[in-house]
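These are my notebook entries on one protein model.

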Amino acid sequence: ISAGFDAAEGDAQGKMRLTPAGYAALTSMLLNAVDCPTVAALEGGYNVSVTSACCEAVIRTLLGERIALPPLQRPNPCCEPTLTAVLNVQREFWPCLDTEKARSAFSQQLNEAAELGQAERTSKRSRMSPAKDYEAIRQRG
């Protein structure tokens, strides 16, 4: 894992809002989706206290500490085709993503997300793309 924490809430460089619990959840989801040894290499984060809190959350997860995953939310309609394209490219370099377990976990996440309503808080960009277009984009995938 290229463990950069630029997207952490409080990091002025990335200006995003991902919390340490969010990084832990992402790490946990990754560990559940792959069958390979996993290592994290710190490569970014520009606020020392925020970066250390995020590092701790990721390391605790890598060491096996269980966390409660956040509830699934329906993703923005552009997410699924983008994620699918990224996975298709990365499978060539990361064989662990080309396993039945990884494919099944990805499909299950997409199917569960498709059954959910739109997230309460959405970006301006996603408000411009009506949620009803989600199925049409998904079918084109």
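Entry 1. Which residue just after H2 takes a positive phi? I found that Gly 64 does, with a phi of about 105°. I note that the model is a predicted one.

Entry 2. I next looked up the nonpolar cores. The largest has 8 residues in all: Ala 3, Phe 5, Ala 8, Tyr 23, Val 50, Cys 54, Cys 55 and Val 58. Helix H2, residues 48-62, supplies the largest share of this core, 4 residues. Apart from this core I located another, of 6 residues, which includes Leu 87, Cys 96, Phe 106 and Leu 110.

Entry 3. I listed the contacts of Phe 5, leaving out residues up to four places away in sequence. Phe 5 touches Thr 51, Cys 54, Cys 55 and Val 58, and also Asp 11, Tyr 23, Leu 42, Gly 44 and Gly 45.

Entry 4. I then turned to H2 itself. At 1.5 Å a residue, its 15 residues should span 21 Å, and the end C-alpha atoms are 21 Å apart, which agrees. I recorded Val 50, Thr 51, Cys 54, Cys 55, Ala 57, Val 58 and Thr 61 as buried in H2. Viewed down the helix axis, the buried residues of H2 fall within an arc of 160°, so they line one face. An α-helix has 3.6 residues a turn, so residues three or four places apart point the same way. The face of H2 turned away from the buried side carries the exposed residues Val 48 and Ser 49. The cover over the buried residues of H2 includes helix H1 (20-33) and strand E2 (41-44).

Entry 5. How many salt bridges does a search of the whole structure find? It finds 6. I examined the network of salt bridges that links Glu 56, Arg 60 and Glu 65. The side chains of Arg 60 and Glu 56 meet at 2.9 Å, N to O; both residues lie in H2, 4 residues apart, about one turn of the helix. The side chains of Arg 60 and Glu 65 meet at 3.0 Å, N to O. I noted Arg 60 as partly exposed at 39% relative accessibility, Glu 56 as partly exposed at 42%, and Glu 65 as partly exposed at 39%.

Entry 6. I also looked up the salt bridge between Asp 98 and Arg 91, whose closest N and O atoms are 4.0 Å apart. Is Arg 91 buried or exposed? At 12% relative accessibility, Arg 91 counts as buried, while Asp 98 is partly exposed, with a relative accessible area of 42%.

Definitions and conventions: Residues numbered from 1 in each chain as written. Predicted model: local features only at pLDDT ≥ 70, side-chain atom pairs only at ≥ 80, totals over all residues. Heavy atoms only, no water. Core = buried A, V, L, I, M, F, W, Y, C linked by side-chain atoms within 4.5 Å. Buried < 20%, exposed > 50% of the residue type's maximum accessible area, 1.4 Å probe, protein only. Helix = DSSP H or I, 4+ residues; strand = E, 2+ residues; numbered from the N terminus. Contact = heavy atoms within 4.5 Å. Expected span 1.5 Å × (residues − 1). Arc of directions from axis to C-beta.
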